[in-house]
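Keep the viewer open as you read.

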Amino acid sequence: MPLGKLIFHFFLLATIVVTKTHSWGAVGHAFVARIAMTFLTDSSKTFIKDILPWYVYGNMSMLASWPDNILYPDTNPVGYLNWDWSKPLHYVNTPDYVCQYVPSRDCVEDNCIDGAIQNYTKRLANTALDHVQRQEALQFLVHYVGDIHQPLHSGFTSDRGGNSVRGDDPES
Ligand SMILES: [Zn+2]
């Protein structure tokens, strides 16, 4: 089996296992970020290494779940409520049984994953922002690109962008 096909099958298997619990989960997000890193140019790698905290050595996968981790008391016991505003940025909803995305209706004031990706891309490139702001922008961007590529972060209003859809066996 060619290596590319083997990697694809491994990725598929990993995402199926991961989706049973937490959507992509930490492993899935790390995997998406790691795959993205293989497409970076040398100058992009250097840029990212300079932006991310020194201890990850430019490895985006090590912080790919940060935007999820900051939201919950078990992973951010002291400050999780401070990040509540970012919850709608992980997905996008359309009205129930309407499959066409309309930004002016579905992403008001950029308060959805589409708006977040656009905003954090601009913030990452904005040299007028300080280092921490650009670092956060990159970490959000890496995560949201992972989120938008999974099946259940784009859904209907009543299923909370797919968050209420069970992908596992309810009997298990
Ligand atoms: Zn997320």
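What percentage of the contacts in the chain with a separation of 6 or more is accounted for by residues 24 or more positions apart? The figure is 51%. Please keep in mind that this is a predicted model.

## Overall layout

The chain holds seven helices and two strands. Following the sequence, these elements come in the order α-α-α-α-β-α-α-α-β. Of the 172 residues in the chain, 38% are buried.

## Two helix contacts with α7

Helix α7 spans residues 131–148 and packs with helix α2, residues 25–37, at an angle of about 105 degrees, the two axes lying 9 Å apart. An angle from 65 to 115 degrees counts as roughly perpendicular, so α2 is roughly perpendicular to α7. On the α2 side the contact is built from His29, Val32 and Ala33, while α7 brings Val142, His143, Gly146 and Asp147. Sorted by class, the residues in this contact of α2 with α7 are three nonpolar, three polar and one charged.

Helix α3, residues 42–51, also packs with α7, here at an angle of about 120 degrees and with the axes 9 Å apart.

## Aromatic rings

A pair of aromatic rings is described by the distance of the centres and the angle of the planes. The model has 10 aromatic pairs. Two of them are set out below.

| Ring pair | Distance of centres | Angle of planes | Class |
|---|---|---|---|
| Trp83 and Trp85 | 5.9 Å | 40 degrees | tilted |
| Tyr120 and Tyr144 | 6.2 Å | 35 degrees | tilted |

Why is the pair of Trp83 and Trp85 tilted? Planes under 30 degrees apart would count as stacked and planes over 60 as edge-to-face, with the rest tilted, and the planes of Trp83 and Trp85 stand at 40 degrees. The two residues of this pair fall into separate accessibility classes: Trp83 is buried at 17% relative accessible area, whereas Trp85, at 44%, is partly exposed.

In the second pair, the planes of Tyr120 and Tyr144 are at 35 degrees, so this pair is tilted as well. Tyr120 sits in helix α6 (residues 113–125) and Tyr144 in helix α7, so the pair ties together parts that are 24 residues apart in sequence. Tyr120 and Tyr144 are both buried.

One aromatic cluster takes in the residues of both pairs: its members are Trp66, Trp83, Trp85, Tyr120, Phe140 and Tyr144.

## Around Tyr144 and Ala116

Tyr144, in helix α7, has a relative accessible area of 0% and is therefore buried. Which residues does Tyr144 touch, not counting residues up to four places away in sequence? They are Ser86, Leu89, His90, Ile113, Ala116, Ile117 and Tyr120. Tyr144 and Ser65 are 79 residues apart in sequence, and their C-alpha atoms are 9.6 Å apart in space.

Ala116, one of the residues that Tyr144 touches, is found in helix α6 and is buried at 2% relative accessibility. Leaving out residues up to four places away in sequence, Ala116 touches Leu89, Asp110 and Tyr144. Ala116 and Leu89 are 27 residues apart along the chain, and 5.8 Å separates their C-alpha atoms. Leu89 is also among the residues touched by Tyr144.

## Salt bridges

How many salt bridges are there? The count is two. One joins the side chains of Asp84 and Lys87, with an N to O distance of 3.2 Å. Asp84 is partly exposed at 36% relative accessibility, and Lys87 is partly exposed at 34%.

Arg105 and Asp106 form a salt bridge too, with 2.6 Å between the closest N and O atoms. Here Arg105 is partly exposed, with a relative accessible area of 38%, while Asp106 is buried at 12%.

Notes
Residues are numbered from 1 along each chain as its sequence is written. This is a predicted model: local features need pLDDT of at least 70, side-chain atom pairs count only at pLDDT 80 or more; totals for chains, interfaces and linings use all residues. Side-chain values use heavy atoms; hydrogens and water are left out. Axes are lines fitted to C-alpha atoms, for helices over the stretch in contact, and angles run from 0 to 180 degrees between N-to-C directions. Helices (H or I, at least four residues) and strands (E, at least two) are DSSP runs, numbered from the N terminus. Angles under 35 degrees count as roughly parallel, over 145 as roughly antiparallel, 65 to 115 as roughly perpendicular and the rest as oblique. Contact means heavy atoms within 4.5 Å. Ala, Val, Leu, Ile, Met, Phe, Trp, Tyr, Cys and Pro count as nonpolar, Asp, Glu, Lys and Arg as charged, and the others, Gly among them, as polar. Rings of Phe, Tyr and Trp (its six-membered ring) pair if their centres lie within 6.5 Å; planes under 30 degrees apart count as stacked, over 60 as edge-to-face and the rest as tilted. Buried means under 20% relative accessible area, exposed over 50%, partly exposed in between (1.4 Å probe, protein chains only). A salt bridge is a side-chain nitrogen of Lys or Arg within 4 Å of a carboxyl oxygen of Asp or Glu.
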